[in-house]
Amino acid sequence: MPTIKFIKEKRTLEVPAGSNLRKEALKAGVELYPGVHKHALLNCHGLSVCGSCRVLIKKGMENTSKEGILERMTPLHNPLMAMAKIGHEEEMRLACQTTVNGDIEVETCPPMNWHGDKFWA
């Protein structure tokens, strides 16, 4: 069975192959939503609209599902998601749209890259 290692939380979960990252994290009590999005009315409940369940896949991206059309469209209608993705294009995913097929390492609630090296490039 695949394992999900949550870096900040120092927790490892064993999940069935094909599991949804968001569902498994919430089931285990791992906090995916930053700031005001913790309130149930201020996130989209896994519909790929708000972009607040964004995570960085630090290891094992090849063990996740491919980025689908809903996930690719989120930055187009959500400017904060677009800003957050700058500098993390290859490792940022939405937990609600990510299927776990093998071992991965995940950083939850990544900070915005307002002044990072790649922001103004």
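## Largest pocket

The largest pocket comes in at about 150 Å³. Here a pocket is an open set of points on a 1 Å grid over the protein atoms alone, with protein on both sides within 12 Å along at least five of seven lines, and the volume is the space filled by probe spheres set on the points. This is a predicted model, where local features need pLDDT of at least 70, side-chain atom pairs count only at pLDDT 80 or more, and totals for chains, interfaces and linings use all residues. Residues are numbered from 1 along each chain as its sequence is written, and side-chain values use heavy atoms, with hydrogens and water left out.

Lining residues (an atom within 4 Å of a point) include Met 61, Glu 62, Lys 66, Lys 85, Met 92 and Arg 93. By class, the lining splits into eight charged, two polar and two nonpolar residues.

## The sheet

Five strands make an open, mixed sheet, ordered S2-S1-S7-S4-S5. Strands are DSSP runs of E with at least two residues, and two of them pair if DSSP finds at least two bridges between them. S2 (11–14) and S5 (92–94) sit at the edges, each pairing on one side only. From one strand to the next, the twist averages 35°.

S4 (residues 54–59) and S7 (residues 104–108) run antiparallel, joined by four bridges. Lys 59 has Glu 105 in S7 as its bridge partner.

## Cysteines

There are zero disulfides, a disulfide being a pair of cysteine sulfur atoms within 2.5 Å. The sulfur of Cys 44 has its closest cysteine sulfur in Cys 50, 3.6 Å away, so that's too far for a bond. For Cys 53 the closest is in Cys 96, also too far at 3.6 Å.

Key. On a 1 Å grid over the protein atoms alone, a cavity is a set of points where a 1.4 Å probe fits but cannot get out, and a pocket is an open set with protein on both sides within 12 Å along at least five of seven lines; lining residues have an atom within 4 Å of a point. Ala, Val, Leu, Ile, Met, Phe, Trp, Tyr, Cys and Pro count as nonpolar, Asp, Glu, Lys and Arg as charged, and the others, Gly among them, as polar. Axes are lines fitted to C-alpha atoms, for helices over the stretch in contact, and angles run from 0 to 180 degrees between N-to-C directions.
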